[in-house]
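Open your viewer and keep the selection tool handy. We will go from stop to stop, and at each one you will hear what to select and what to look for.

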Amino acid sequence: MSAEVKNKNLVESIKVKLPSIDDVINKVVMARLKNIDFFDETYVDKVKQNIWYKLGPLQWLTWIVTIATGAFLMMFYIPTAEQAYSSIGVIQESIPWGWLVRGMHKYGADAFIIMCTLKLYRQVICADYKGKRELNFWVCFFLLLLGFYSGLSGYLLIWNQRAFWATKVFATFPGYMDQFGLNLAFLGATIVNKLIEWGMPSSLPSIPVEQGGGILLDMKLLNQYINFNVGMTTQQILLGGSAIGQATITRFYSMHMALSTIGLIVVELYFYSNKKKRFNLPWSEGFLVIAMIAAAAMIFPAESGARANPAVTPLPILSDWYFLALYQMYKYIEPVLATAVTMLIPATVLFMPFFDRSDETKIYKRPVVMCVSIMGAINALVFSILIILNIADINTDPPYWVFGSVMIVAVGVYLSQKQYAHIDRWKLMFTFTIFQLLYLSRIHTMPYFGLPLEKVLGETFFADGSWGRNWIFYGGFFLIMFVVWLFENNGPKISQESSK
Amino acid sequence: MNFDRRDFVKGILAIPVVGTIAAVFASPFVRYLKPSSGPTATAEIFKRPDKPSPVKEISFDINEFAGTWDFKYFMFQESNKEYTSVGEQIKTIPGVVVRTPDLEGYPNFVVFSRVCPHLGCVFNYVPVEAEVAAGYNYTPPPGQKVFACPCHLSVYDPMQLDTKGRGKVVSGPAPRSPFKFIFKVEDGRIFISSLESGGIS
């Protein structure tokens with residue numbers, strides 16, 4: 001063999017082959033699109049073995065029941081602020097079978113949300129999203145979000161007190177997004193101030209030392225550069241104005257139907273192109289579920305409540321059952337943080353399948369995922385019970401539920417550690433330290449927006465040991481997901497090592 | 001389905017074209033969704049005959065508030081109009097006047113907008129301490145009268161100050177004290193002219 005050939009072989013052998021972009025798209029996106037599954041229609045055999053795989057077809061069925069009954073309600077409903085409430089009364093009292101159609105619309109929608117939630121949990125427990133099936137999880141999650149938005153926009157249409165004030169709260173919290181940037185700026189200022197205090201030379205304009213010292217933040221200028229009015233614009237687009245009025249009803253009415261219609265078209269095109277069965281259960285079971293919805297409508301007729309009054313908020317005021325936990329959370333924690341958490345929860349659920357990358361499919365072999373799911377469910381249940389029974393104490397409760405949530409996740413991390421041989425102890429210690437800080441951070445009311453800088457720094461970041469608690473809490477949720485990745489994908493398993 | 005290099009190049013070439021079209025269409029679309037901030041040019045036949053009544057200054061006789069902690073609710077019409085699909089719309093803001101004990105450097109009245117600075121519900125003046133303890137998750141010290149919001153249980157004390165003035169948050173998640181009406185006391189009457197800028201409606 002000549003030297004040239006030898007050299008060439010050497011070059012070939014050390015050349016690193018980078019994946020080409022079309023390769024990446026084929027492997028990452030196309031492979032997942034090929035596995036797509038809307039309503040468990042690809043699990044034809046599993047439906048017969050495992051009862052939980054019936055959730056997909058039932059999800060489709062409850063959705064269709066809701067759309068069909070909704071179409072009938074549209075014939076009598078009048079979407080104006082003056083007549084909406086009365087027309088609901090007419091549907092309920094005067095139209096033949098109107099109460100049944102309305103009841104089935106309401107309970108069908110509730111059933112759809114229950115099916116979506118249970119199916120999401122099934123997908124986590126049975127690891128349905130593994131093997132390049134993450135998009136299926138997303139489909140179910142977006143259907144749940146569709147259910148939430150339709151539920152919210154749907155109950156405003158009744159124009160009763162509960163609807164009015166729940167919409168008010170829902171449409172107001174995005175406004176706090178405008179303060180995320182300012183919060184970050186304050187955090188930056190805190191750090192810079194500490195550095196200046198420790199002797200960093202600085203040419204920044206600063207407050208005289210006798211007034212507290214530190215760099216000067218020009219609030220108006222900051223607002224101009226950091227605040228893009230995302231929150232305010234979202235609010236106005238949602239409501240069609242700065243207050244709930246006729247424009248809001250019109251907008252909610254159109255979106256309430258548009259989203260389901262668009263979804264229906266997509267689903268029908270999908271089933272048309274692949275010739276799969278929409279409902280792969282015996283129809284007797286389908287009729288049983290429809291009968292159950294109808295029975296619910298007969299036994300617990302849908303309520304109308306009192307007509308909306310923009311001047312009076314009634315004292316025990318609740319939202320629909322699926323938002324109760326969030327509603328309770330808004331009582332506990334300050335609004336900017338609550339807004340961030342409201343956005344982080346769906347983000348966390350959305351990316352969870354991508355963090356859970358081990359080959360294990362048994363839920364108890366993935367303890368962190370198991371415990372995070374349990375933590376979410378317990379929090380939602382406990383918060384809902386607290387708000388229904390009205391037994392919460394918003395001043396003293398937070399440490400208990402923060403610590404409880406952290407401990408459940410910590411159990412998951414501990415179980416995960418037992419399974420794997422290769423664990424960096426310091427990483428574990430670091431995680432628990434952060435969790436401990438989270439517990440100590442005592443989320444409580446602390447009004448601070450729009451204060452002068454020295455007050456902000458004094459009262460928010462260094463007062464009574466609660467410094468930076470916001471940022472620790474924000475980080476905590478991401479940390480939980482990071483832990484999943486950290487402990488479940490690294491290192492050889494104990495069982496494999498011992499067998500050798 | 002297969003995605004090859006040719007498709008990828010095609011896709012790359014499409015980005016500027018699609019991006020331009022998206023930008024051209026997205027901006028008027030967002031503008032369409034946003035409520036209009038000025039009067040809309042509408043033909044005469046579409047205009048609504050019944051205009052909302054003009055903004056009026058609200059005034060009360062001071063004698064209506066003879067005793068300490070006497071109060072009165074009122075509705076205030078905001079000066080800026082909104083333009084909607086059904087014509088003009090003037091927001092009404094629920095407000096409250098309360099006669100308070102002396103507080104150094106402040107008048108004997110608080111005039112608050114009743115719109116909660118937390119998430120926009122309408123809060124109440126709750127003079128009965130037992131009611132606050134039962135309904136709003138806060139037990140005020142004896143003699144302390146408070147404002148309290150039914151939605152998320154924020155409680156405001158008019159005799160304590162934060163940086164925005166009277167009505168410090170003593171319980172609950174609200175980020176600041178209530179928004180205040182600008183008022184003056186003249187000739188035995190209290191005149192309420194406008195609302196502090198900013199805030200949730």
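The term to have ready is pLDDT, the predictor's confidence in each residue, from 0 to 100. This is a predicted model, in which local features need pLDDT of at least 70 and side-chain atom pairs count only at pLDDT 80 or more, while totals for chains, interfaces and linings use all residues. Residues are numbered from 1 along each chain as its sequence is written, chains are lettered from A and ligands numbered from 1 in the order in which they are written, and side-chain values use heavy atoms, with hydrogens and water left out.

**Stop 1: colour by confidence**

Start with chain A, where the average pLDDT is 78 and 72% of the residues score at least 70. Now select residues 439-472 of chain A: the pLDDT there is below 50, yet this stretch has 89 contacts in the model beyond near neighbours in sequence (contact means heavy atoms within 4.5 Å). Residues 496-500 of chain A also have a pLDDT below 50, with 2 contacts beyond near neighbours in sequence. Where pLDDT is low, the predicted coordinates should not be read in detail.

Switch to chain B, whose mean pLDDT is 81, with 81% of its residues at 70 or more. Helices (H or I, at least four residues) and strands (E, at least two) are DSSP runs, numbered from the N terminus. For the model as a whole, the scores are ipTM 0.72 and pTM 0.79.

**Stop 2: where the chains meet**

Show both chains and select the residues in contact: 41 residues of chain B touch 45 residues of chain A. How much area do chain B and chain A bury between them? About 3,800 Å², and 62% of it lies on carbon and sulfur atoms; buried area is the accessible area (1.4 Å probe) that two parts lose on being put together, summed over both. From chain B, α1 (5-33), β2 and β8 (165-171) each supply at least two residues of the side that touches chain A. α1(B) gives the most, with 5 residues.

Between chain B and chain A the count is 0 salt bridges, a salt bridge being a side-chain nitrogen of Lys or Arg within 4 Å of a carboxyl oxygen of Asp or Glu. Over all chains, the count comes to 10 salt bridges.

**Stop 3: a charged pair in chain A**

Select D23(A) and K27(A), which form a salt bridge with the closest N and O atoms 3.7 Å apart. Because D23(A) and K27(A) are 4 residues apart in helix α2 (residues 21-34) of chain A, about one helical turn separates them.

**Stop 4: the three-stranded sheet of chain B**

Select β1, β10 and β9 of chain B: these 3 strands form an open antiparallel sheet in the order β1-β10-β9. Two strands pair if DSSP finds at least two bridges between them. The edge strands are β1 (58-61) and β9 (181-186) of chain B, each pairing on one side only.

Follow β10 (residues 189-195) of chain B, which pairs with β1(B) in the antiparallel sense over 4 bridges. On its other pairing, 6 bridges join β9(B) to β10(B). Which residue of β10(B) is the bridge partner of D61(B)? Pick R189(B), also the bridge partner of E186(B). Then find the hairpin of β9(B) and β10(B), with 2 residues between the strands and D187(B) in the turn at a positive phi of about 50 degrees.

**Stop 5: the four-stranded sheet of chain B**

Finish with β5, β6, β7 and β8 of chain B, 4 strands that form an open antiparallel sheet in that order. β5 (124-126) and β8 of chain B stand at the edges with a single partner strand each, so one side of each has no neighbour in the sheet. β5(B) and β6(B) pair over 3 bridges, and N124(B) stands opposite A148(B) in β6(B).
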